[in-house]
Amino acid sequence: GNKYEWSIVGGEITRGSTTNKIETLWLKSGSATLMLVETIPVSGCNDTTTFEVNISEELKPKIESSKPDNSFCEGDSIILDAGIGYAVYKWNDNSNLRYFIVKDAGIYHVTVWDNYGCKGSDTIIIKRMPRPIININGDSFACHGSISLFISQYDEQYSYNWEVINGEIIENKNNEIQIKWGKSRSGNVFLSVTNIVSGCSADTSIQVQLSPSPVPKINYIGSIEFCDGDSVVLYVDSQYPEILWDDGQTGDSIIVRNSGKHYLTVIDDNGCIGKDSVTVRVNPLPEKPVIILSNDTLLSSKADKYQWLKNNEPLQDENLDFFVPKESASYSVKVYNEFGCDNISDQFYYEISRPYAEFALADTIFANIGTDFVVPVNIIKSKDLQKSGAKHFRLVLATNSTIMKPVRDFKILKTQN
């Protein structure tokens, strides 16, 4: 057969230099020259062929991921990009697109070719990061206006973001919060936790059923302002499973005798708490009055108002600080202070007695029989003469068993008390 002789500029012939087929090793990119001399042994004729070869640089694809740290969170995915400008792509699952979507951790490989058949490859390691495992611990039922505590497990690598619907966060301690609920049928608590190292997050929530709190009303029998010694009955107008007064009593009513603010707490069938309060005022009594007799007048000790009584019955229009009795009886006085509170005195028995007098005559009276004469009389002792209103009286004189009758009434000329 023919003889073949190859020569090369810009490379090396690694195999088949004397055959019609060679393998070459190109030393650098750019242009290279390949020359073939083919000789026919019989005739000795030969032919020389020369052609230029363009040598491309070795392809070096670089896989880029959509996540800078080549990791993604569980449940997510990551996009791998083999780069632009290649004629053919081949990933390790034999897919042939520029982009590759990764949903699992692992080692991923791509091989690319250009239009000249040159190829290159790259490998990347993808990691899948776990999401935080979280939950919310707390009551799923609450009352309007009540405060609830919600807690999630704590991890120093976690950041916590809470949100609430129909409630207000009044205290936030990262993994636990306190919520004051508003007036609605339900509320919601949302929690988003992020791992500050991996950036992976997880969300959870809890729904809370809300119930109106009871609104108890303290009613009372009587008045909540009264005088010392009286009382008022406080009672609640509805039936509740649990009732508690400020003094520890648990019935639906209490008797109050002292001043102060009194509190009521009730709990309904849902466990919701309601409260009410009322202020009771107890006014002091006036001092017990004392009756003093002055001549024919009864005097009362000082007070704001007065009412005199005879045998425990009020006397009409007798409301001054003194009273003049007209008959013998038991008298008392009821007095009032500025609060309208009253007190009553002890009974005072007043007796109106008959007038009484003792007279003295002269030791010796001289008179002729049958003639008129004047008998001088002196009152040496008397009682209630002036009070009685008497102006005249009769004297009966007796001497030697003979009764002499005065011819006319005598006036009281002088009284001696």
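This presentation walks through a predicted model of one protein chain, from its overall make-up to a few individual residues.

Let me begin with the ground rules. Residues are numbered from 1 along each chain as its sequence is written, and side-chain values use heavy atoms, with hydrogens and water left out. In this predicted model, local features need a pLDDT of at least 70 and side-chain atom pairs count only at pLDDT 80 or more, whereas totals for chains, interfaces and linings use all residues.

I turn to confidence. The pLDDT, which is the predictor's confidence in each residue from 0 to 100, averages 89 over the chain. A score of at least 70 is reached by 89% of the residues. Residues 407–417 stay under 50. For that stretch the model has 18 contacts beyond four places in sequence, a contact being heavy atoms within 4.5 Å.

Now the overall picture. The secondary structure comes to one helix and 40 strands; helices (H or I, at least four residues) and strands (E, at least two) are DSSP runs, numbered from the N terminus. Of the contacts with a separation of 6 or more, 47% are accounted for by residues 24 or more positions apart. The chain has 417 residues, and 28% of them are buried. Buried means under 20% relative accessible area, exposed means over 50%, and partly exposed lies in between (1.4 Å probe, protein chains only). The chain exposes about 27,700 Å², of which carbon and sulfur atoms supply 48%; these areas come from the Shrake-Rupley method with a 1.4 Å probe, and for residues only the protein chains shown count as cover.

Next, the strand pairs. Strands pair if DSSP finds at least two bridges between them. Strand β4 (residues 30–39) and strand β5 (residues 46–55) run antiparallel and are joined by 10 bridges. They form a hairpin with six residues between them, and Gly44 in the turn has a positive phi of about 75°. Within this pairing, Leu34 has Phe51 of β5 as its bridge partner.

Thr33 also lies in β4. It counts as partly exposed because its relative accessible area is 24%. Its side chain makes a polar contact with the side chain of Glu52 at 3.1 Å. A polar contact is a pair of N or O atoms within 3.5 Å; within protein, one must be able to donate a hydrogen and the other to accept it, and residues adjacent in sequence count only if both atoms are side-chain atoms. Thr33 and Val9 are 24 residues apart in sequence, yet 5.0 Å apart in space, C-alpha to C-alpha.

Four bridges join β9 to β11 (residues 106–113), and the two run antiparallel.

Two residues deserve a remark on backbone geometry. Most residues other than glycine have a negative phi. Asn70 has a positive phi of about 55° although it is not a glycine, and it is found in the loop between β6 (64–65) and β7 (71–73). Asn94 likewise has a positive phi, of about 70°, and is found in the loop between β9 and β10 (99–102). Asn94 is classed as exposed because its relative accessible area is 56%.

I come to the largest nonpolar core, which has 17 residues. A nonpolar core is a set of buried Ala, Val, Leu, Ile, Met, Phe, Trp, Tyr and Cys residues joined through side-chain atoms within 4.5 Å. The members that touch the most others are Ile136, Phe150, Trp162, Trp181, Val189, Leu191 and Val208. Strands β15, β17 (176–181), β18 (186–195) and β19 (201–211) each supply at least two residues, and β19 gives the most, with four.

Ser152 lies in the loop between β14 (147–151) and β15 (158–165). Is Ser152 buried or exposed? Ser152 counts as buried because its relative accessibility is 1%. Beyond four places in sequence, the residues it touches include Trp162 and Leu191. Its side chain reaches the backbone oxygen of Asn135 at 3.0 Å and makes a polar contact with the side chain of Gln153 at 3.3 Å.

Finally, His262 has its place in strand β25 (residues 260–267). His262 is buried, with a relative accessible area of 13%. Among its contacts beyond four places in sequence are Asp246 and Asp276.
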